[in-house]
Amino acid sequence: MTWKRGLAIFAAGVLLLLVGLAVFLAREAERISVTTPPSAEPLARPAALDSPDAPPADPLPSAVHRGIRFTVLRVADPEPPGLYPVKTGLRRVGILLRLEPVEPGAAYSVASIRLRGSDGVRYGWALTNQEPALHTGTLAAGDAVTGWVAFDLPPGVQPAALEYGTAARSEPLLTLP
């Protein structure tokens, strides 16, 4: 192998590394948060929902989006500590969701669920410390799935609404109690 060929292979490797790093950073930025104008008004949270063992509010917040009924069963604020640590200066909020198909074959993804904070910022999901965790899938007629999705929020920011979509563009899903 000549030194020119070796240099070309090295340059190609560095280029691939930089592209991979750029993709990782873009996805991490999407996951953490995106600042956009708020689509839901901030709401005051009932004190009863601040405990992970608190009974769910009646009636349960629910909305239909893209063939799936999303229902909030419980809000854990803060989420109990576990395997996945929270970044310094943040708190993790867990939301227990139940998904039921309105149209058979409707697909869902935890990566598409966003939380709009009372500060107007849209926050992406974090790894939840509670089981079962919500994942990605397709719901057949009669199926239902229940799982936790978590978000890391700064101090003083309250969960206001759930949205569904990408970091660049998401649609309002439902307002949180």
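1. Buried means under 20% relative accessible area, exposed means over 50%, and partly exposed is in between (1.4 Å probe, protein chains only). By that scale Ser62 is partly exposed, because its relative accessibility is 34%.

2. Some ground rules. This is a predicted model: local features need pLDDT of at least 70, side-chain atom pairs count only at pLDDT 80 or more, and totals for chains, interfaces and linings use all residues. Residues are numbered from 1 along each chain as its sequence is written, and side-chain values use heavy atoms, with hydrogens and water left out.

3. Where does Ser62 sit? Ser62 is in strand 2, residues 62-65. Strands are DSSP runs (E, at least two residues), numbered from the N terminus. Leaving aside residues up to four places away in sequence, Ser62 touches Arg69, Phe70, Thr71 and Leu174. A contact here means heavy atoms within 4.5 Å.

4. Ser62 and Arg98 are 36 residues apart in sequence, with their C-alpha atoms 9.2 Å apart. Arg98 is partly exposed at 30%. Its side chain meets that of Glu100 in a salt bridge (3.5 Å, N to O). Glu100 is partly exposed too, at 28%.

5. The cut-off is a side-chain nitrogen of Lys or Arg within 4 Å of a carboxyl oxygen of Asp or Glu. The whole structure has five salt bridges.

6. Asp77 pairs with Arg91, the closest N and O atoms being 2.7 Å apart. Asp77 lies in the loop between strand 3 (68-76) and strand 4 (91-101) and Arg91 in strand 4, so the pair ties together parts 14 residues apart in sequence. Asp77 is buried at 7%. Arg91 is buried at 18%.

7. Glu163 and Arg116 form a salt bridge through their side chains (2.9 Å, N to O). Glu163 is in strand 11 (residues 159-165) and Arg116 in strand 6 (residues 113-117), so this pair ties together parts 47 residues apart in sequence. Glu163 is buried at 1%, and Arg116 is buried at 1%. Salt bridges with shared partners join Arg116, Arg122 and Glu163 into one network.

Methods: Helix = DSSP H or I, 4+ residues; strand = E, 2+ residues; numbered from the N terminus.
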